[in-house]
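Trainee: Could we go through this model together, one question at a time?

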Amino acid sequence: MSALDTATVGIVEPVVPLIAPTKPQRSALDAESQEWLRSLRLEDTREEAIARLHALLLRAARFEVARRRPALPHLRGNDLDDIATEAADDALMSVLRRLDDFRGASRFTTWVYKFALLEASSKLRKRAWQGREVPLEPEGWGTFSSTSLEPDAELEQSELLITLQNAIAEVLTPHQRSVLVALALNGVPIDVLAERLNTNRGALYKTLHDARRKLRKHLDERGLALDNWLEER
Amino acid sequence: MIEGPHLKQAVRRLLGPAEPEVGCDACFEELDRYVELELAGEDADAAVPGLRAHLDGCPACREEHDSLHAFVAGDQQR
């Protein structure tokens, strides 16, 4: 089970990589990383090392909470500190469970920080959406407008938008449409949607990716190449 | 009403990156290596193909990348 899975709830779909990730050669561990692994594995030093590790994870989780605090005005300081502590506790469990997976591709501390930051950011996204309905339908299909564009561009882009809206309605499966609309149009965070749909983040992103590929293919077949237009700021 | 630059942002979010990309799990696996390469001024994109495109297409992974980058950068200065 990956850390991403544990940061969501339940796993019902297989996770398929979109392209195969590269596997670096196992690196020679730096002295500090070796010391961490040794002290976490030896019975005599394990308890003290776990306490030090938890302190590191808590510092990273508090950093993430502080970064997001302006976007969470309804949460009080105690709530935020509880979230940071829970994130550090969960990250500690993930790190200890996956200790043998550490390949030395980075320093040990960088590797463990990502678990704490993932747990903290995922918990904060979920807290921000707690009690809110997750919209799976377009919240304003008619709201796309090209009225601020030059007349020629306006005509071309109106065609593009109509084709895009039709493609979303007709080319995608209902599940692909719901996932695309929720994530890409309505701004629902992927881990929030994963929890509501009882799936995991990797599987949802695969669905989003497949939906996007279908839309691009549909537009390409109609001669609507978008990437140059999208690259213009 | 979604207009002008917001329209492009909305279409970008709908269509995602044009380039091949890794998924969320592979992104998480490689994120620590990628961030250290970035902070060392090395070519992280060449070392971890498809990760940059994924960060362009996945706001949650982008947030976690930005957090790790900022935190490790601060940690190195301590």
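**Helix packing, core and loop**

Trainee: In which hand, left-handed or right-handed, does α3(A) pass α4(A)?

Mentor: This is a predicted model, in which local features need pLDDT of at least 70 and side-chain atom pairs pLDDT 80 or more, while totals for chains, interfaces and linings use all residues. Residues are numbered from 1 along each chain as its sequence is written, with chains lettered from A and ligands numbered from 1 in the order in which they are written. A crossing is left-handed if the near helix is turned anticlockwise from the far one by less than a right angle, and right-handed if clockwise. For α3(A) and α4(A), the crossing is right-handed.

Trainee: Are α3(A) and α4(A) parallel or oblique to each other?

Mentor: Helices are DSSP runs of H or I of at least four residues, numbered from the N terminus. The axes (lines fitted to C-alpha atoms over the stretch in contact, with angles from 0 to 180 degrees between N-to-C directions) of α3 (residues 43-68) and α4 (residues 77-97) of chain A come within 8 Å and cross at roughly 135°. Under 35 degrees is roughly parallel, over 145 roughly antiparallel, 65 to 115 roughly perpendicular and the rest oblique. The two helices are therefore oblique.

Trainee: Which residues touch the most other members of the largest nonpolar core?

Mentor: A nonpolar core joins buried Ala, Val, Leu, Ile, Met, Phe, Trp, Tyr and Cys residues through C-beta atoms within 7 Å; buried means 20 or more other C-beta atoms within 10 Å, exposed 12 or fewer, and partly exposed in between, with C-beta atoms placed from the backbone. Of its 72 residues, the ones touching the most other members are L57(A), A61(A), V112(A), A116(A) and L180(A).

Trainee: Which helix gives the most to this core?

Mentor: The core draws at least three residues from each of domain 1 (3-128) and domain 2 (141-231) of chain A, with bounds from an automatic or database domain assignment. Ten residues come from the leading contributor, helix α5 (residues 108-128) of chain A.

Trainee: Is N198(A) buried or exposed?

Mentor: N198(A) lies in the loop between α8 (190-196) and α9 (201-221) of chain A, and its phi is near 55°, a positive value in a residue other than glycine. Most residues other than glycine have a negative phi. With 12 other C-beta atoms within 10 Å, N198(A) is exposed.

Trainee: What pattern does chain B follow along the sequence?

Mentor: Of its 78 residues, 49% count as buried. Chain B has five helices and zero strands. Its pattern is α-α-α-α-α.
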